[in-house]
Amino acid sequence: ENVNEDMLETLLKKAETVEIDNAEYAEFLRELENAKKLVYLTDNCGEIVLDKIFMMILKNRFPKLEITAVVRGGNVVNDASMDDAEEVGLTSVVRCIGNGTNAAGTVVNRLSEEAKTAIFGADIVLSKGQGNFESLYGEGSNPYYLFLCKCELFTERFGLRRFSAVFRKEERMKKFLIILALVVAGFGLSGCGQIYDNEPVSIGYDNNELKLSPCACILVYRA
């Protein structure tokens, strides 16, 4: 479901009052104090203006931290690409690389060697958006996930209201999540208005192919 201008304005106003787990945030800051490399997985193109500001703040607070921003390797829906990073001046703030694929997520077996080396060689990975979460969860990089629960299935799994924020590291997320890949046999799931296979196991090229999770809202665009 698309977010219209009224909803966008509501979400922006709500941002000032969004609460995240204090213990999780404290652990994030503690890790930043000791980290040498952070990889920032971007999401939508419009958001990278705010991503840029956030990365500037991180650089100012943690001057020894080497930050790499990862954008999509090609155009896909409204996700951030290298063109977008250059347009907003992100490339002048931190190192920016494409991930080598035009998938609407971070699909490990389709990443370029450069992107894969950056992600798995980082001390901290910050992954934004549901698309990155759905494709990267369980792949071994143990990132911090930051996204809004936009789908009905996600709100049910996390026990949160729609458009609530999630910020948690994967290793601690496993302690309170019902396994996201679990599918009720023979059950049709359509929280995002798409069609899902009964046993989703990977990202598909269209609505009828298998997905990584029951709520895989994203499609992988063929190169």
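The dialogue below goes through the aromatic pairs and the strands of a predicted model.

Trainee: Why are Tyr40 and Phe54 called an edge-to-face aromatic pair?

Mentor: Rings of Phe, Tyr and Trp (its six-membered ring) pair if their centres lie within 6.5 Å, and planes under 30 degrees apart count as stacked, over 60 as edge-to-face and the rest as tilted. By this rule the count comes to 8 aromatic pairs. Among them, Tyr40 and Phe54 have centres 6.1 Å apart and planes at 65°, so they meet the rule for a pair and for edge-to-face. Tyr40 belongs to strand β1 (residues 37-41) and Phe54 to helix α3 (residues 48-61), 14 residues apart, where helices (H or I, at least four residues) and strands (E, at least two) are DSSP runs, numbered from the N terminus.

Trainee: What makes Tyr40 buried or exposed, and how is Phe54 classed?

Mentor: Buried means under 20% relative accessible area, exposed over 50%, and partly exposed in between (1.4 Å probe, protein chains only). Tyr40, with a relative accessible area of 1%, is therefore buried, whereas Phe54, at 27%, is partly exposed.

Trainee: Which class does the pair of Phe133 and Tyr145 fall into, and on what values?

Mentor: Their ring centres are 4.8 Å apart with 85° between the planes, which gives an edge-to-face pair. Because Phe133 lies in helix α6 (residues 130-136) and Tyr145 in strand β5 (residues 144-148), this pair ties together parts that are 12 residues apart in sequence. Phe133 counts as buried at 1% relative accessibility, and Tyr145 counts as buried at 0%. Ring pairs also link Phe133, Tyr137, Tyr145 and Phe147 into a cluster.

Trainee: How do you know that β4 pairs with β1 and with β5?

Mentor: Two strands pair if DSSP finds at least two bridges between them. β1 and β4 have 4 bridges in the parallel sense, and β4 and β5 have 3, also parallel, so each set meets the rule. Leu126 in β4 is the bridge partner of Tyr40, while Lys128 stands opposite Leu146 in β5.

Trainee: What makes strand β4 mostly covered?

Mentor: In β4 (residues 124-128), 5 of its 5 residues are buried. Ile124, Leu126 and Lys128 point one way, and Val125 and Ser127 the other way.

Terms used
Residues are numbered from 1 along each chain as its sequence is written. This is a predicted model: local features need pLDDT of at least 70, side-chain atom pairs count only at pLDDT 80 or more; totals for chains, interfaces and linings use all residues. Side-chain values use heavy atoms; hydrogens and water are left out.
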